[in-house]
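Work through the exercises below with the sequence and the model open. Each task is followed by a solution in steps.

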Amino acid sequence: MTGFDNSLVTSVHDFVLSHMWVATIARVVTFFGSAAWFVPVIAVVAIIFALRRDITTALYLLITSLIGNWLNQFAKAIVDRDRPDLPHPVAHASGQAFPSGHAMAATVCFGALLVAFWPYLAPRLRAPAVAIYAIVVLLVATSRVVLGVHYPTDVVAGIVLGALWLTV
(Lines give C-alpha, C1' and ligand atoms only; values in the text may rest on other atoms or scores of the structure.)
Protein backbone atom coordinates (compact mmCIF):
# COMPACT_ATOMS: atom_id res chain seq x y z
CA MET A 1 0.00 0.00 0.00
CA THR A 2 2.95 2.34 0.51
CA GLY A 3 3.57 2.60 -3.24
CA PHE A 4 -0.10 3.34 -3.87
CA ASP A 5 -0.19 5.93 -1.08
CA ASN A 6 2.95 7.73 -2.24
CA SER A 7 1.95 7.66 -5.90
CA LEU A 8 -1.54 9.04 -5.29
CA VAL A 9 -0.39 11.71 -2.82
CA THR A 10 2.31 12.87 -5.24
CA SER A 11 -0.10 13.00 -8.19
CA VAL A 12 -2.75 14.88 -6.21
CA HIS A 13 -0.12 17.26 -4.81
CA ASP A 14 1.22 18.05 -8.29
CA PHE A 15 -2.32 18.79 -9.48
CA VAL A 16 -3.08 21.01 -6.46
CA LEU A 17 0.14 23.00 -6.91
CA SER A 18 -0.99 23.96 -10.40
CA HIS A 19 -4.63 24.55 -9.33
CA MET A 20 -4.41 26.30 -5.95
CA TRP A 21 -8.15 27.01 -5.94
CA VAL A 22 -8.58 23.28 -5.16
CA ALA A 23 -6.54 23.75 -1.97
CA THR A 24 -8.72 26.73 -1.03
CA ILE A 25 -11.88 24.64 -1.36
CA ALA A 26 -10.24 21.75 0.51
CA ARG A 27 -9.38 24.07 3.43
CA VAL A 28 -13.04 25.03 3.75
CA VAL A 29 -14.27 21.43 3.49
CA THR A 30 -11.68 20.11 5.95
CA PHE A 31 -12.99 22.50 8.64
CA PHE A 32 -16.13 20.37 8.84
CA GLY A 33 -14.05 17.48 10.14
CA SER A 34 -12.23 19.52 12.77
CA ALA A 35 -12.64 19.81 16.53
CA ALA A 36 -13.28 23.54 16.02
CA TRP A 37 -16.51 22.53 14.25
CA PHE A 38 -17.56 19.41 16.12
CA VAL A 39 -16.98 20.43 19.73
CA PRO A 40 -19.44 23.34 19.65
CA VAL A 41 -21.94 21.56 17.38
CA ILE A 42 -22.08 18.38 19.46
CA ALA A 43 -22.16 20.40 22.69
CA VAL A 44 -25.04 22.63 21.52
CA VAL A 45 -27.07 19.73 20.12
CA ALA A 46 -26.48 17.69 23.30
CA ILE A 47 -27.65 20.64 25.41
CA ILE A 48 -30.78 20.99 23.27
CA PHE A 49 -31.59 17.30 23.72
CA ALA A 50 -30.93 17.60 27.47
CA LEU A 51 -33.25 20.62 27.72
CA ARG A 52 -35.89 18.57 25.92
CA ARG A 53 -35.36 15.97 28.67
CA ASP A 54 -33.84 13.46 26.25
CA ILE A 55 -30.80 12.77 28.41
CA THR A 56 -30.13 9.44 26.68
CA THR A 57 -29.60 11.09 23.29
CA ALA A 58 -27.57 13.92 24.82
CA LEU A 59 -25.27 11.41 26.52
CA TYR A 60 -25.11 9.30 23.36
CA LEU A 61 -23.82 12.27 21.38
CA LEU A 62 -21.25 13.25 23.99
CA ILE A 63 -19.98 9.74 24.77
CA THR A 64 -19.87 8.63 21.14
CA SER A 65 -17.88 11.71 20.13
CA LEU A 66 -15.50 11.66 23.09
CA ILE A 67 -14.71 7.95 22.88
CA GLY A 68 -14.37 8.24 19.09
CA ASN A 69 -11.70 10.89 19.62
CA TRP A 70 -9.96 8.76 22.23
CA LEU A 71 -9.98 5.73 19.90
CA ASN A 72 -8.43 7.85 17.16
CA GLN A 73 -5.66 9.08 19.46
CA PHE A 74 -5.04 5.53 20.68
CA ALA A 75 -4.78 4.19 17.12
CA LYS A 76 -2.43 7.04 16.14
CA ALA A 77 -0.16 6.22 19.09
CA ILE A 78 -0.06 2.52 18.20
CA VAL A 79 0.58 2.94 14.46
CA ASP A 80 2.82 6.02 14.77
CA ARG A 81 2.80 6.83 11.04
CA ASP A 82 4.33 10.07 9.83
CA ARG A 83 2.43 12.41 7.57
CA PRO A 84 3.39 12.85 3.91
CA ASP A 85 6.55 14.88 3.38
CA LEU A 86 5.86 16.91 0.26
CA PRO A 87 7.83 19.63 -1.49
CA HIS A 88 5.99 22.97 -1.32
CA PRO A 89 3.22 21.82 1.06
CA VAL A 90 -0.11 23.60 0.75
CA ALA A 91 -1.11 22.78 4.35
CA HIS A 92 0.44 21.61 7.58
CA ALA A 93 -0.90 19.33 10.28
CA SER A 94 0.61 18.16 13.53
CA GLY A 95 0.62 14.72 15.07
CA GLN A 96 0.58 11.35 13.44
CA ALA A 97 -1.21 10.48 10.22
CA PHE A 98 -2.89 7.10 10.73
CA PRO A 99 -5.86 7.06 11.01
CA SER A 100 -7.11 10.44 9.85
CA GLY A 101 -8.74 12.24 12.76
CA HIS A 102 -10.79 14.45 10.46
CA ALA A 103 -12.16 11.51 8.46
CA MET A 104 -12.94 9.59 11.65
CA ALA A 105 -14.52 12.62 13.36
CA ALA A 106 -16.71 13.31 10.32
CA THR A 107 -17.80 9.66 10.25
CA VAL A 108 -18.50 9.46 13.98
CA CYS A 109 -19.92 12.90 14.72
CA PHE A 110 -22.05 13.41 11.62
CA GLY A 111 -23.15 9.78 12.00
CA ALA A 112 -24.08 10.31 15.66
CA LEU A 113 -26.05 13.42 14.69
CA LEU A 114 -27.82 11.42 11.98
CA VAL A 115 -28.73 8.72 14.54
CA ALA A 116 -29.89 11.37 17.05
CA PHE A 117 -32.18 13.08 14.54
CA TRP A 118 -33.33 9.91 12.77
CA PRO A 119 -36.64 9.63 14.71
CA TYR A 120 -37.48 13.22 13.75
CA LEU A 121 -36.82 12.75 10.03
CA ALA A 122 -39.78 12.12 7.78
CA PRO A 123 -39.36 8.72 6.09
CA ARG A 124 -38.97 10.36 2.67
CA LEU A 125 -36.01 12.40 3.99
CA ARG A 126 -34.07 9.49 5.48
CA ALA A 127 -32.43 8.22 2.29
CA PRO A 128 -31.35 11.74 1.24
CA ALA A 129 -29.99 12.35 4.77
CA VAL A 130 -27.88 9.18 4.56
CA ALA A 131 -26.64 10.19 1.10
CA ILE A 132 -25.70 13.67 2.33
CA TYR A 133 -23.92 12.09 5.31
CA ALA A 134 -21.89 9.81 3.03
CA ILE A 135 -21.01 12.68 0.65
CA VAL A 136 -19.88 14.96 3.48
CA VAL A 137 -17.71 12.23 5.02
CA LEU A 138 -16.12 11.49 1.63
CA LEU A 139 -15.53 15.19 0.96
CA VAL A 140 -13.84 15.73 4.33
CA ALA A 141 -11.70 12.61 3.83
CA THR A 142 -10.75 13.66 0.30
CA SER A 143 -9.85 17.17 1.50
CA ARG A 144 -7.18 15.70 3.78
CA VAL A 145 -5.47 13.97 0.84
CA VAL A 146 -5.87 17.05 -1.36
CA LEU A 147 -4.17 19.17 1.31
CA GLY A 148 -1.33 16.64 1.44
CA VAL A 149 -1.62 15.98 5.18
CA HIS A 150 -2.78 12.36 4.85
CA TYR A 151 -2.26 9.33 2.68
CA PRO A 152 -5.35 7.70 1.13
CA THR A 153 -5.06 4.72 3.50
CA ASP A 154 -5.11 7.13 6.48
CA VAL A 155 -8.50 8.50 5.48
CA VAL A 156 -9.91 5.08 4.60
CA ALA A 157 -8.80 3.82 8.01
CA GLY A 158 -10.41 6.85 9.68
CA ILE A 159 -13.72 6.17 7.96
CA VAL A 160 -13.62 2.43 8.69
CA LEU A 161 -12.63 2.86 12.35
CA GLY A 162 -15.24 5.60 12.74
CA ALA A 163 -17.94 3.43 11.16
CA LEU A 164 -16.99 0.50 13.40
CA TRP A 165 -17.19 2.68 16.50
CA LEU A 166 -20.47 4.24 15.37
CA THR A 167 -21.88 0.76 14.80
CA VAL A 168 -20.90 -0.29 18.31
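## Exercise 1: The largest pocket

In this predicted model, the largest pocket has a volume of about 530 Å³.

Task: State how many residues line the largest pocket and which of them lie nearest its centre.

Solution. 
- Step 1. The lining of the largest pocket is made up of 27 residues.
- Step 2. Nearest the centre of this pocket are S34, A35, N69, G101 and A105.

Task: Find which helix gives the most to the lining of the largest pocket.

Solution. 
- Step 1. At least two lining residues come from each of α3, α4 and α5.
- Step 2. With 8 residues, α4 gives the most.

Task: Divide the lining of the largest pocket by residue class.

Solution. 
- Step 1. There are 12 nonpolar and 12 polar residues in this lining.

## Exercise 2: Backbone geometry

For background, most residues other than glycine have a negative phi, and most peptide bonds are trans.

Task: Which two residues does a cis peptide bond join, and where is the proline placed?

Solution. 
- Step 1. The cis bond joins F98 and P99, with omega about -5°.
- Step 2. P99 is in the loop between α4 (55–79) and α5 (101–117).

Task: Locate R53, a residue other than glycine with positive phi, and decide whether R53 is buried or exposed.

Solution. 
- Step 1. Phi of R53 is near 65°.
- Step 2. R53 sits in the loop between α3 (35–51) and α4.
- Step 3. The relative accessible area of R53 is 76%. Exposed means over 50%, so R53 is exposed.

Task: State the phi of D80 and the loop that holds D80.

Solution. 
- Step 1. D80 is not a glycine, yet its phi is positive, about 55°.
- Step 2. D80 is found in the loop between α4 and α5. P99 is also placed in the loop between α4 and α5.

Notes. Residues numbered from 1 in each chain as written. Predicted model: local features only at pLDDT ≥ 70, side-chain atom pairs only at ≥ 80, totals over all residues. Heavy atoms only, no water. Helix = DSSP H or I, 4+ residues; strand = E, 2+ residues; numbered from the N terminus. Buried < 20%, exposed > 50% of the residue type's maximum accessible area, 1.4 Å probe, protein only. 1 Å grid on protein atoms, 1.4 Å probe; cavity = no way out; pocket = protein on both sides within 12 Å on 5 of 7 lines; lining within 4 Å. Points joined across faces, edges and corners; volume = space filled by probe spheres on them. Nonpolar A, V, L, I, M, F, W, Y, C, P; charged D, E, K, R; others polar.
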